[in-house]
Amino acid sequence: MPLDMIIGAQWGDEGKGRVTDLLAAQADIVARYSGGDNAGHTVTVKGEIFKLHLIPSGIIHPNVTCLIGNGVVLNPAVLLREMASLAERGIDVGPDRLKISRNTHLITPAHIALDKAKETRRGSEAIGTTLRGIGPAYTDKTERTGLRAELFANPEELADQIQAHITAKNEVLTKIYGAEPLDADVVAAEYAQFAQHLRDHLVYGSVYLHEALQNGRSVLAEGAQGTFLDLDHGTYPFVTSSAPTSGGVLVGLGVGPRMIGRIIGIAKAFTSRVGGGPFPSELDGEMAHRLRGTGDKPWDEYGTTTGRPRRVGWLDLVMLRHAVRINGLTELVITKLDILSGLDEIQVCNAYRLDGETIDFYPSDIPSLSRCQPVYNTLPGWQEDIMATRQLADLPQNAQNYIQFITDETGVPVTAVSVGPGRSQVIHL
Ligand code: GDP
Ligand code: IMO
Ligand code: MG
């Protein structure tokens with residue numbers, strides 16, 4: 001006991017990997033529960049940068065065991081590449097350290113081809129997906145035609161199911177989308193290879209976690225994506241196809257709610273978004289360039305998975321209050337406070353104007369959300385570089401006030417503030 005959760009409170013890329021790495025020092029198991037390799041989590045240790053897409057960020061701590069939970073959609077080709085690249089850097093990714101729930105669904109080349117075909121067909125209405133096959137893989141799961149990792153333990157059945165899957169998808173690809181068909185034999189041969197490499201990693205995930213929790217081991221659930229990319233609670237249809245929220249942890253790992261300890265929301269000191277969809281506090285021009293950076297620093301706002309420039313805007317407290325409600329957040333961790341240093345004034349969106357009325361909640365429908373105009377509080381900024389600061393009292397008074405304002409307006413405490421990507425660049429409150 002217990003199960004603590006790291007949840008993205010915005011549109012992803014809040015610094016979940018960085019915070020997971022921080023908290024993993026005290027955890028026995030770190031588990032991913034949703035999404036797939038659409039995620040890109042960056043961890044910086046002593047200047048060395050790790051970019052993880054599927055393997056939980058806990059892997060960098062030698063005493064942590066990692067689990068890819070049943071709620072994830074797993075591209076085995078990407079996983080094996082990521083394992084190889086970590087192994088080259090001296091990190092053990094053997095079956096004792098990295099486990100895969102048997103009921104995790106697999107991504108195939110057909111899912112990726114369909115993701116591309118569907119996005120192309122959407123034209124100007126495109127979601128802006130990461131083209132990793134995420135939506136089509138979850139569609140198969142809900143349609144009850146998906147392939148699961150447990151097939152790695154049964155080569156003949158795997159070969160049959162891959163053949164049937166590729167044949168069925170080829171019909172859709174060629175007849176509906178006019179796309180090229182895939183070679184089922186080639187894919188089946190590839191997946192037979194993947195099975196050989198991965199079958200020793202299979203576990204009954206829920207049983208494994210339950211036993212660990214019963215034996216007093218602590219589990220950290222590492223969120224991917226963020227609350228506003230949640231299939232139900234995000235900016236539908238500009239969302240991902242899973243539940244990155246706290247409810248998704250229970251389903252995506254197979255654990256009960258009585259195990260839950262802390263529910264930690266991660267939010268950037270401003271807001272970013274990759275892909276399409278409404279963004280009430282979005283900025284353009286000079287200030288957007290200032291917050292995004294030019295791409296010369298590793299933490300500038302360019303996607304870890306796709307390299308796309310991220311859209312940026314001021315912190316939106318209407319969103320954070322929504323995230324507190326949806327997830328039952330016990331606390332917030334604020335990242336990238338250092339990026340706000342040097343600004344004379346900082347704006348914080350604290351309400352919206354919608355059709356002549358002021359509202360303080362997040363409307364769920366896109367037409368309303370698109371008409372929302374941000375209502376800002378203007379707070380005084382600070383000039384000092386804070387990347388070397390380690391104590392709250394040493395932060396400039398206006399930076400302390402900024403954090404206090406977030407606590408006051410969201411109703412949950414900020415328990416840590418990150419002032420740089422490195423492991424030590426944190427202020428515990
Ligand atoms: P995730 O998807 O939520 O794990 O976040 P990403 O890794 O995609 O994006 C966060 C980026 O910000 C990464 O490049 C991190 O190294 C970086 N980062 C995290 N916290 C801080 C911070 O406090 N300050 C700065 N400057 N960079 C940070
Ligand atoms: P991490 O874990 C930011 C976005 C995509 C797109 C939408 C749907 O690094 O925070 P998908 O490929 O999931 O079907 O795309 O979701 N998206 C992310 N944005 N961070 C992520 O992950 C994301 N994962 C998906 O840009 O708008
Ligand atoms: Mg990311």
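Author: The questions and answers that follow concern this predicted model. In this predicted model, local features need pLDDT of at least 70 and side-chain atom pairs count only at pLDDT 80 or more, while totals for chains, interfaces and linings use all residues. Residues are numbered from 1 along each chain as its sequence is written, chains are lettered from A and ligands numbered from 1 in the order in which they are written, and side-chain values use heavy atoms, with hydrogens and water left out.

Reader: Why is Gly40 called buried?

Author: Buried means under 20% relative accessible area, exposed over 50%, and partly exposed in between (1.4 Å probe, protein chains only). Gly40 has 11% relative accessibility, so Gly40 counts as buried. Of the 429 residues in the protein, 56% are buried.

Reader: What coordinates the magnesium ion (ligand 3)?

Author: Donors are N, O and S atoms within 2.8 Å of the metal (3.2 Å for Na, K and Ca); water is not among the atoms, so sites may look incomplete. Asp13 (OD) and Gly40 (O) coordinate the magnesium ion at 2.0 to 2.2 Å. Asp13 lies in the loop between β1 and α1 (16-24), and Gly40 in the loop between β2 (29-32) and β3 (41-45), so the pair ties together parts that are 27 residues apart in sequence.

Reader: How many helices and strands are there in the protein?

Author: Helices (H or I, at least four residues) and strands (E, at least two) are DSSP runs, numbered from the N terminus. The protein has 12 helices and 20 strands.

Reader: What makes a set of residues a nonpolar core?

Author: Such a core is a set of buried Ala, Val, Leu, Ile, Met, Phe, Trp, Tyr and Cys residues joined through side-chain atoms within 4.5 Å. The largest nonpolar core has 70 residues, and Leu3, Leu253 and Ile406 are among those with the most contacts inside it. Domain 1 (3-101 + 203-264) and domain 3 (268-428), with bounds from an automatic or database domain assignment, both give residues to this core, so it lies between them.
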